[in-house]
Amino acid sequence: MDIKELYRLYQQHPCITTDSRDCPEGSIFLALKGESFDGNKFALQALEKGCAFAIIDDKTILGGLGDHGIARDRLILVDDCLQTFKDLAREHRRQFDIPVIGITGTNGKTTTKELVAAVLSQKYNVLYTQGNFNNDVGVPKTLFRLTKEHEIAVIEMGASHPGDIKTLVETAEPTCGLITNVGRAHLQGFGSFEGVIKTKCELYDFLRTREDGLIFINADNEHLMDQIGDDEDIWITPYSTSPDNQYACISGEVIECNPFLKFRWREPLMTLEEEGRSTKWHKVQTHLIGAYNIDNLLAAISVGINFGVERKKICEALENYVPSNNRSQMTITERNHLIVDAYNANPTSMQAALENFSLIQADKKMAILGQMGELGDESDKEHRKVVSYLEQAGYDEVWLVGDNFKEIACPFRKFHDVEEVKAAIQAHCPEGYYILIKGSNSNKLFQLPELL
């Protein structure tokens with residue numbers, strides 16, 4: 001059965017499940033494998049629960065049919081279930097002639113995806129990635145949510161190894177895209193910072209193959225601009241935080257950030273003869289913490305303008321967006337003001353968060369920072385950089401979480417894991433602080449706000 005035949009079967013049974021605990025009547029079970037599970041082992045169980053068919057890549061499952069009384073033709077054997085999942089998702093995506101925006105980057109891709117979706121939703125019915133379903137399983141799941149009602153799609157794409165973005169763009173086939181930035185993250189997987197750049201720019205490589213390919217690009221990011229160079233085979237829409245950048249289609253600047261970001265943006269001078277005269281500024285008060293978010297906001301504005309969203313509607317969408325995913329999120333409790341950025345951490349995002357926290361005016365400041373993962377040989381050096389910055393920052397209290405901080409001499413309080421932190425809070429809860437909570441998701445620092 002080739003992929004087109006398999007897709008015709010999907011059209012008759014338009015529901016794919018990869019969880020044998022969730023088997024809607026008439027659905028198709030697809031047996032994915034992971035480090036600690038093998039969906040093939042649950043294929044027959046899925047059929048008994050109500051699935052019409054099961055796609056497997058372990059032919060030994062066929063030998064157990066006699067005990068279950070299941071017809072052979074309800075099992076579909078393929079070479080690789082994950083590849084089949086991606087191929088089916090691509091076939092489904094090809095049924096819809098709509099713009100598909102691919103978003104990747106080291107930092108800010110989820111926030112940017114949310115902002116882009118909020119802006120586009122002012123005019124279109126938008127399909128966009130839920131949560132962080134941005135890997136080679138999450139992207140196909142998102143694509144299978146496409147229906148004829150959708151007018152545009154926003155697909156987030158994550159990567160931790162070379163070739164990851166290439167795989168995802170070949171599945172989603174975006175018509176345009178943006179890379180938020182490139183930073184020092186997942187160095188263990190990428191091998192080097194250059195490896196990060198090369199992998200993220202696999203999005204650009206794909207868009208170059210399309211006649212209508214369009215890139216939204218931060219004109220201030222030299223690493224990304226170097227990847228474009230003098231290439232005349234790709235359309236670009238630059239944005240910039242420099243109001244005098246005449247090449248940017250959108251420019252903006254921070255007005256204040258204490259603690260919420262307020263900024264203004266405008267479109268460029270219309271002609272060279274108008275040099276020195278500015279177009280109208282649009283002021284926006286956001287619910288985002290961190291001046292670094294201006295790049296994400298300008299990206300969303302650029303996408304909105306390109307797809308014809310009214311300027312007023314763009315501003316309203318950005319002003320009304322409230323983060324709720326432990327990213328740049330302010331939480332005010334009875335005891336403290338919390339700045340929660342506990343979903344992800346790498347050297348680039350950690351430095352940005354600390355610099356922004358230093359700018360916030362508060363009587364008492366405290367930082368609870370979790371260790372950064374997947375840095376390989378660079379880990380010790382990067383954690384020492386964080387400690388060095390903290391020693392100069394002058395915060396009233398600093399707690400460091402994780403064994404990567406253990407061997408670094410410093411005056412700060414150290415904890416093995418979040419459980420030790422929770423015990424310390426329960427013994428004596430800090431009060432009256434502005435507290436930055438920042439760390440990789442694996443540190444589980446997202447458990448702390450309810451205690452503070």
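Where is Pro259 found? Pro259 is in the loop between strand S11 (250–257) and strand S12 (260–266); helices (H or I, at least four residues) and strands (E, at least two) are DSSP runs, numbered from the N terminus. The peptide bond from Asn258 to Pro259 is cis, with omega near 0°.

This is a predicted model, in which local features need pLDDT of at least 70 and side-chain atom pairs count only at pLDDT 80 or more, while totals for chains, interfaces and linings use all residues. Residues are numbered from 1 along each chain as its sequence is written, and side-chain values use heavy atoms, with hydrogens and water left out.

Buried means under 20% relative accessible area, exposed over 50%, and partly exposed in between (1.4 Å probe, protein chains only).

**Sheet and helices**

An open sheet is formed by 4 strands in the order S1-S2-S3-S4, with parallel pairing; two strands pair if DSSP finds at least two bridges between them. Strand S1 (16–17) and strand S4 (75–77) are the edge strands, each pairing on one side only. S1 is joined to strand S2 (residues 28–30) by 2 bridges, and Ile16 has Ile28 as its bridge partner in S2.

Helix H4 (residues 81–93) lies across S1, S2 and strand S3 (53–56), at about 120° to S3. Axes are lines fitted to C-alpha atoms, for helices over the stretch in contact, and angles run from 0 to 180 degrees between N-to-C directions. Helix H1 (residues 3–12) packs against H4 at an angle of about 70°, with the axes 10 Å apart. H1 is therefore roughly perpendicular to H4 (65 to 115 degrees). On the H1 side the contact (heavy atoms within 4.5 Å) involves Ile3, Lys4, Leu6, Tyr7 and Tyr10, and on the H4 side Thr84, Asp87, Leu88, Glu91 and His92.

**Nonpolar cores**

A nonpolar core is a set of buried Ala, Val, Leu, Ile, Met, Phe, Trp, Tyr and Cys residues joined through side-chain atoms within 4.5 Å. The largest has 61 residues, and Ile16, Ile55, Ile155 and Tyr204 have the most contacts inside it. Not counting residues up to four places away in sequence, Ile55 touches residues including Leu6, Ile28, Ile76 and Leu88. A second, separate core of 36 residues includes Val116, Leu120, Tyr239 and Leu298.

Definitions and conventions:
Parallel < 35°, antiparallel > 145°, perpendicular 65-115°, else oblique.
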